[in-house]
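User: I would like to go through this structure by question and answer. Please begin with a single residue pairing and then move to how the parts of the chain meet.

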Amino acid sequence: MQTFAEELDQLRAQGLYRSMRVINGAQGSHVELDGRRVLLLCSNNYLGLADHAALRRAAVFGAALGTGSGASRLVSGTMALHVELEERIARFKGTEKALVFNSGYAANTGIISALVGRGDAIYSDKLNHASIVDGALLSRADFHRYPHRDMAALERLLREKPGSGRRLIVTDGVFSMDGDIAPLQQMVQLARQYDALLMVDDAHGTGVLGATGRGTAELLGVMDGVDIHMGTLGKGLGSCGAYAAASAEICEYLVNKARSFIFSTSLPPAVLAPSIAALDLVDSREGKELRERLSANVALFKGRLAVAGFDTMGSETQIVPIFVGPAEATMQFSKELLDEGIFVQGIRPPTVPAGSCRLRCTIMATHEPADLEAAADTIARVGKTLGVV
Ligand SMILES: *Cc1c(COP(=O)(O)O)cnc(C)c1O
């Protein structure tokens with residue numbers, strides 16, 4: 001039997017070994033890494049809310065109610081702030097109800113394994129997030145995966161493999177490693193036509209996309225066509241946790257059936273209050289300005305990369321992959337950029353398919369345009385020496 005150490009050595013030999021980098025101090029557009037100030041180009045803190053004064057103040061207010069909730073939601077861990085946050089999220093998404101989960105991972109595994117089971121069918125984009133895949137496996141429903149954004153393939157599966165019970169179509173709104181967007185308009189049509197539920201995981205659209213930051217479904221004009229809006233509070237909204245926003249019936253069902261909701265101590269008040277503050281901010285003038293700054297930054301950065309000849313893999317959002325291919329070259333690219341003061345992670349299997357390793361750059365509203373221009377130029381220079389372009 002192989003030892004753990006031998007398997008780890010194998011990962012190293014394949015260029016697939018992973019380790020953590022430690023950031024000193026706050027999460028900002030620049031961070032301190034190993035005693036050096038570097039440009040942060042790989043955070044999902046898209047609006048810069050994770051160190052925003054209003055969210056910090058809300059956390060202090062929340063902490064006045066204690067540091068822990070002491071129990072799971074159905075025991076004694078439902079505090080007034082949970083209810084307030086859920087009412088705010090339901091209003092934000094235009095649904096009857098919403099439920100807060102402790103993380104996006106917990107939300108997806110809990111929601112999917114509750115809504116479908118043996119004899120039911122799940123239809124899932126091949127590039128959906130790992131937590132969706134895990135939720136599908138946990139559910140024991142038939143798990144059908146269609147090629148990325150291929151609506152003809154989705155329709156074929158719905159027609160030929162209808163299953164004998166419930167049908168659930170599930171997709172990322174913004175795909176987390178590619179930065180492109182699900183064709184939600186067609187998906188809403190297919191869900192209606194084939195009597196399926198449609199669930200959208202908008203971890204990367206929430207707070208960011210659409211005229212008022214409601215996310216991918218707002219951008220594509222299909223807010224009412226989505227049955228289960230899942231989103232996270234720890235990325236664009238700068239806090240922690242996640243939610244399902246849906247009909248009162250579905251939320252009531254999840255309270256009774258979603259195991260990650262039922263069997264886990266609920267989020268503490270110091271985490272709930274900043275999420276409420278973040279929703280206020282998204283709806284404020286400042287929120288609108290942050291979204292405008294973000295999209296201007298994205299256009300600037302992508303424009304420079306395109307001129308340099310990089311393949312950004314069809315990105316339509318603030319997630320900007322730079323295609324490299326092999327794992328080793330990707331990690332070398334990332335390492336040389338860090339030497340130049342730019343922190344961007346290489347993404348390898350199993351997060352992305354083998355041979356499609358990439359740098360995953362993420363743009364923030366709080367990046368200075370001049371810093372992004374300089375970063376794009378450095379990326380172009382290093383990319384040329386490594387033969388990526
Ligand atoms: C990050 C992410 C999750 C998990 O959310 P966490 O709150 O970080 O656990 C789920 N889905 C997608 C698409 C994500 O990018």
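User: Which residue in β2 stands opposite I23?

Analyst: The model is predicted: local features need pLDDT of at least 70, side-chain atom pairs count only at pLDDT 80 or more, and totals for chains, interfaces and linings use all residues. Numbering starts from 1 along each chain as its sequence is written, and side-chain values use heavy atoms, with hydrogens and water left out. β1 and β2 (residues 30-33) pair in the antiparallel sense over two bridges; strands are DSSP runs (E, at least two residues; helices are H or I, at least four), numbered from the N terminus, and two strands pair if DSSP finds at least two bridges between them. The residue in β2 opposite I23 is L33.

User: Which strands stand at the edges of the sheet that holds β1 and β12?

Analyst: This open sheet of four strands has mixed pairing and the order β1-β2-β3-β12. Each edge strand has a single partner, so one side of each is left without a neighbour in the sheet. The edge strands are β1 (23-24) and β12 (342-343).

User: What is the bridge partner of G325 in β14?

Analyst: An open sheet of three strands, with antiparallel pairing, has the order β11-β14-β13. Its edge strands are β11 and β13 (346-347), each pairing on one side only. β11 and β14 run antiparallel and are joined by six bridges. The partner of G325 in β14 is C357.

User: What area is buried between domain 1 and domain 2?

Analyst: Domain 1 covers 20-50 + 285-386 and domain 2 covers 53-282, with bounds from an automatic or database domain assignment. Buried area is the accessible area (1.4 Å probe) that two parts lose on being put together, summed over both. Carbon and sulfur atoms give 57% of the area between domain 1 and domain 2, which is about 1,900 Å².

User: Which residues of domain 1 lose the most area to domain 2?

Analyst: In contact (heavy atoms within 4.5 Å) are 27 residues of domain 1 and 27 residues of domain 2. Three residues of domain 1 together account for 31% of what that side buries: L49, R291 and E316.

User: How far apart are the closest N and O atoms of D178 and R358?

Analyst: A salt bridge is a side-chain nitrogen of Lys or Arg within 4 Å of a carboxyl oxygen of Asp or Glu. Between domain 1 and domain 2 there are two salt bridges. D178 forms a salt bridge with R358, and their closest N and O atoms are separated by 3.0 Å.
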